[in-house]
2 protein chains.
Amino acid sequence: MKTKEVMVLKDLLGSNNKIAGEIRDKLTARGILTINLLSSPGAGKTTLLEALSDEVRPRYRMAVIEGDIETERDADRIRAKGIPAWQIQTGGACHLDARMIGRLFPEIPPDLDFLFIENVGNLVCPAGFDLGENLRLVLLSTPEGDDKPKKYPKAFTTSNGLVISKTDLVPPLPFDIDRARREALDINPRLKVFTTSSQTKAGLPELAAYLIEELKRLRGDHA
Amino acid sequence: MKTKEVMVLKDLLGSNNKIAGEIRDKLTARGILTINLLSSPGAGKTTLLEALSDEVRPRYRMAVIEGDIETERDADRIRAKGIPAWQIQTGGACHLDARMIGRLFPEIPPDLDFLFIENVGNLVCPAGFDLGENLRLVLLSTPEGDDKPKKYPKAFTTSNGLVISKTDLVPPLPFDIDRARREALDINPRLKVFTTSSQTKAGLPELAAYLIEELKRLRGDHA
């Protein structure tokens, strides 16, 4: 890359990180835990949020920001569950950025517990952009194959949790859950790993318990 | 986006398209049909190439350029089939570009029939970059869901063919093949659609016949 290109990229990232920091400060001060969900297209992010909502509500209040290149489909699915949702259409951009979240800020209710941000389906680009989240979760669905962490490392090295999704498809799918876990932990030993199925609900109580624990910790830290 | 950023982006794309045009001219003059494969991670690009090689060889000679963020895994799989393969590791970049292909150019044997380029697993960014291919194929695997064409339109509007992969998983997976086909044709009516399974080999003879037909057309046009 030429020097001019590198400088423009640095400007972009620097300004993104500044806005992300401000968003994180404001949401954290309100006691809201913000979670950025990353994965390939079709790994089950929206379905996970639908299933997870049954675990955390009505005790906790949640809302969802949906990121997609085009269409309002994912936000419509979330709203059908009675959950507030906003759709960001990036119109071509391969990831959300902090500015897009910042624009929505005035609409976010102040009395939330969890704010989920479902990023554009893309295992590469979203990893480079802080959105002001407290936690980052990467989903890896079993049909994608157990060899993905080392092929797409940044999504795994920058995340706090790995959600292996669609485990109900194994077998017949030849996905080695232990191999995927080992490979992910190999590049990021601090990763919390959850093996889940949104169909059978396996692993969802554990994931919900982790998020509730993190919410309490955030509020304890900022009490 | 600011004017400076837009200009840098235009410079990048302009220089990419120029190099891509030169690559296409040279490969076409040699009678080589070049095919750029796009999809999400784990949609089955490498497995399709392995299975397709059984259909086209030994009558036709093929080679494969593999694009990945990290690892040499895909090229190793292709070489294990006795097929020449080169691995490009982008080291973070979310797509291949024409310059990366150009650097490999001296190593490409002049007497090939098919040169396949397997792009980085990403349904967004690779769609914006011409690599000098004659044909672009986008794979959509059934576990990803039948709602993807309109959510990630550019990969579908810029492709010549759509390969619906992993159809052996339907049912139990709730993927409506007709819906996916209709939605893709709705945004790109000229798309050739192939419904395939690399496990059962369904649809592979039709896909191979299409590529052979395109090879003949390319050689006829440039005889």
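User: Hi! How many aromatic pairs does the structure hold over all chains?
Analyst: Six, counted over all chains. Keep in mind that this is a predicted model.

User: Nice. Can you show me one of them? Which residue pairs with B:Phe194?
Analyst: B:Tyr210 does. Their ring centres are 5.2 Å apart with 40 degrees between the planes, and the pair counts as tilted.

User: Why do you give me both a distance and an angle?
Analyst: Because a pair of aromatic rings is described by the distance of the centres and the angle of the planes.

User: Got it. Where do B:Phe194 and B:Tyr210 lie in chain B?
Analyst: B:Phe194 is in strand β7 (residues 192-195) of chain B, while B:Tyr210 is in helix α8 (residues 204-221) of chain B. The two are 16 residues apart in sequence, so the pair ties those parts together.

User: And is B:Phe194 buried or exposed? What about B:Tyr210, buried or exposed?
Analyst: B:Phe194 is buried, at 9% relative accessible area. B:Tyr210 is buried too, with a value of 10%.

User: What about chain A, which residues form an aromatic cluster there?
Analyst: A:Tyr60, A:Phe114 and A:Phe116 make up one aromatic cluster.

User: Which residues make the contact?
Analyst: From α2(B) you have B:Leu48, B:Ala51, B:Leu52, B:Glu55 and B:Val56. α8(B) brings B:Leu204, B:Pro205, B:Leu207, B:Ala208 and B:Leu211. Sorted by class, that contact has nine nonpolar residues, one charged residue and no polar ones.

User: At what angle do helix α2 and helix α8 of chain A pack?
Analyst: In chain A, helix α2 (residues 45-56) and helix α8 (residues 204-221) pack at about 70 degrees, with 9 Å between the axes. Here α2(A) is roughly perpendicular to α8(A).

User: Through which surface do the copies meet?
Analyst: They meet through the same surface, because 100% of the interface residues of chain B are also interface residues in chain A.

User: New topic: where is B:Ile117 found, and what does B:Ile117 touch?
Analyst: B:Ile117 is part of strand β4 (residues 114-118) of chain B, and B:Ile117 is buried with a relative accessible area of 0%. Setting aside residues up to four places away in sequence, B:Ile117 touches B:Thr34, B:Ile35, B:Asn36, B:Leu37, B:Ile65, B:Leu96, B:Ile101 and B:Leu131.

User: How far apart in space are B:Ile117 and B:Val170?
Analyst: They are 28 Å apart, C-alpha to C-alpha, and 53 residues apart in sequence.

User: Last one: where is A:Phe156 found, and is A:Phe156 buried or exposed?
Analyst: A:Phe156 is in helix α6 (residues 153-157) of chain A. A:Phe156 is buried, with a relative accessible area of 0%. Beyond neighbours within four places in sequence, the contacts of A:Phe156 include A:Leu123, A:Val138, A:Lys148, A:Pro149 and A:Leu191.

Note on methods: Residues are numbered from 1 along each chain as its sequence is written. Chains are lettered from A and ligands numbered from 1 in the order in which they are written. This is a predicted model: local features need pLDDT of at least 70, side-chain atom pairs count only at pLDDT 80 or more; totals for chains, interfaces and linings use all residues. Side-chain values use heavy atoms; hydrogens and water are left out. Axes are lines fitted to C-alpha atoms, for helices over the stretch in contact, and angles run from 0 to 180 degrees between N-to-C directions. Helices (H or I, at least four residues) and strands (E, at least two) are DSSP runs, numbered from the N terminus. Angles under 35 degrees count as roughly parallel, over 145 as roughly antiparallel, 65 to 115 as roughly perpendicular and the rest as oblique. Contact means heavy atoms within 4.5 Å. Rings of Phe, Tyr and Trp (its six-membered ring) pair if their centres lie within 6.5 Å; planes under 30 degrees apart count as stacked, over 60 as edge-to-face and the rest as tilted. Buried means under 20% relative accessible area, exposed over 50%, partly exposed in between (1.4 Å probe, protein chains only). Ala, Val, Leu, Ile, Met, Phe, Trp, Tyr, Cys and Pro count as nonpolar, Asp, Glu, Lys and Arg as charged, and the others, Gly among them, as polar.
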